[in-house]
Amino acid sequence: EFCIRRLGIKYMNNRIKEFINLWVGKRLESIHCACEILDFGFSGDFVLHGMGLTRVFLNDDIIITTLDYNSWDQTDPKNNDEWYNKDKYQDQIIGGIVTSIRINIFNDLFIEMNNGVRIECYIANAYPHYDEEQEQWLLFEHTNDHSGRFLTAYNKKLSLEQ
């Protein structure tokens, strides 16, 4: 396991750099909601789970956020703005090809695609006091034999497991 605390991509472990660079050229094939999580499936069985504050932009307009889950009809938890907006915009989102991916010094993730879509995953928690660090976002290779790599962003660190 490789772990890096509070370092931007410039200083990142080469294995982490190599892993995130694999995402360039991948096609977004699916987007799903699971409560306050946005799940993105990319070609080659690459997956992004946005568990903290995750925002999706279309041509510089915010169209979906994980916080939209909290806006619902107070009757059915499936009737919320996160799921509504995902259904409304998914045809415009799906199909984009990743043109760039980067992680900033705070371990926020930014993915840009050639169709005007940008996905941003922000670290949403500070220093944990009552519990362990929380997963904020996760990039991984989905393989049948579970041999794929997992890059997990926590409150204050990145962890690459293989």
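Leaving aside neighbours within four places in sequence, Ile62 is in contact with Arg55, Val56 and Phe57, where contact means heavy atoms within 4.5 Å. Ile62 belongs to strand 6 (residues 61-65); helices (H or I, at least four residues) and strands (E, at least two) are DSSP runs, numbered from the N terminus. With a relative accessible area of 40%, Ile62 is partly exposed, on a scale where buried means under 20% relative accessible area, exposed over 50% and partly exposed in between (1.4 Å probe, protein chains only).

The model is a predicted one, in which local features need pLDDT of at least 70 and side-chain atom pairs count only at pLDDT 80 or more, whereas totals for chains, interfaces and linings use all residues. Residues are numbered from 1 along each chain as its sequence is written, and side-chain values use heavy atoms, with hydrogens and water left out.

**The sheet and its surroundings**

Most residues other than glycine have a negative phi. Asn59, although not a glycine, has a positive phi of about 50°, and Asp60, also not a glycine, has a positive phi of about 65°. Asn59 counts as exposed at 58% relative accessibility, and Asp60 counts as exposed at 65%.

**Helix 1**

In helix 1 (residues 14-21), Ile16, Phe19 and Ile20 are buried. These residues cover an arc of only 90° around the axis, which puts them on the same side of helix 1; the arc is that of the directions from the helix axis to the C-beta atoms. Asn14 and Glu18 are exposed on the other side of helix 1.

**Aromatic pairs**

A search of the whole structure finds six aromatic pairs. Rings of Phe, Tyr and Trp (its six-membered ring) pair if their centres lie within 6.5 Å; planes under 30 degrees apart count as stacked, over 60 as edge-to-face and the rest as tilted. Two of the pairs are set out below.

| Pair | Centre to centre | Angle between planes | Class |
|---|---|---|---|
| Trp23 and Phe42 | 5.4 Å | 80° | edge-to-face |
| Phe140 and Phe150 | 5.0 Å | 10° | stacked |

Trp23, in the loop between helix 1 and strand 2 (28-34), and Phe42, in strand 3 (residues 37-42), are 19 residues apart, and both Trp23 and Phe42 are buried. Phe140 counts as buried at 9% relative accessibility, whereas Phe150 is partly exposed at 31%. Ring pairs also link Phe19, Trp23, Phe42 and Phe46 into a cluster.
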